[in-house]
Amino acid sequence: MDPQKTGLNDQWNFHGLYCGAGYGLDGLPWCTSHYAFHMVLWHIPFAISGQYFSAPNTTLIFDPKFRCPYKISFLTPFAIGTLKCVPIKRGGLKTSKFEILSTLGDLHLQYLDVSGIPYPTEVTLEQGKVITW
């Protein structure tokens with residue numbers, strides 16, 4: 001068992017400073033800085049959206065942890081916005097339609113993918129314009 005979760009009851013304290021050899025507390029937290037503790041919350045949007053963004057490769061990939069339908073946020077250094085999944089039927093088959101909207105900023109992408117379904121071409125997300133596939 002993880003002593004941090006069971007003994008200290010502090011499962012979210014992954015950024016604590018850990019002791020090294022000679023302190024008598026090897027492997028246990030030695031001190032915790034409260035200055036970055038709020039940063040834990042920044043992991044949540046990326047964890048639930050499965051977002052991967054590469055600026056050098058102009059690639060944006062999502063692997064959301066939700067079933068369709070959903071509407072989630074995305075965040076990049078150049079644009080922020082929403083990704084939406086809507087269940088639809090095409091030719092009697094159930095599938096998904098994706099909509100991505102930049103609410104702030106523009107972003108040119110060579111590759112855009114959601115749940116393994118790529119956008120068919122390069123695309124520029126322009127602020128206020130919905131891209132659908």
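**Notebook: disulfide and aromatic pairs**

I counted one disulfide, taking a pair of cysteine sulfur atoms within 2.5 Å as the rule. The model is predicted, so local features need pLDDT of at least 70 and side-chain atom pairs count only at pLDDT 80 or more, while totals for chains, interfaces and linings use all residues. Residues are numbered from 1 along each chain as its sequence is written, and side-chain values use heavy atoms, with hydrogens and water left out.

**Disulfide**

I looked up the partners: Cys68 and Cys85, with sulfur atoms 2.1 Å apart. The pair links distant parts of the chain, 17 residues apart. Cys68 is in the loop between β4 (59-62) and β5 (70-75), and Cys85 is in strand β6 (residues 80-90). Strands are DSSP runs (E, at least two residues), numbered from the N terminus. The S-S torsion is about -105°, so I noted the disulfide as left-handed.

Next I checked burial (buried is under 20% relative accessible area, exposed over 50%, partly exposed in between; 1.4 Å probe, protein chains only). Cys68 is partly exposed at 25%. Cys85 is buried at 3%.

**Aromatic pairs**

I found five aromatic pairs. Rings of Phe, Tyr and Trp (its six-membered ring) pair with centres within 6.5 Å; planes under 30 degrees apart are stacked, over 60 edge-to-face, the rest tilted. Phe98 and Trp133 are tilted, at 5.5 Å centre to centre and 45° between planes. Phe98 is in strand β7 (residues 93-104), and Trp133 is in the segment after β12 (130-132).

Tyr119 and Trp133 have ring centres 5.4 Å apart and planes at 90°, so I logged the pair as edge-to-face. Tyr119 is buried at 19%, and Trp133 is buried at 12%. Ring pairs link Phe98, Tyr119 and Trp133 into a cluster.

Methods: Helices (H or I, at least four residues) and strands (E, at least two) are DSSP runs, numbered from the N terminus.
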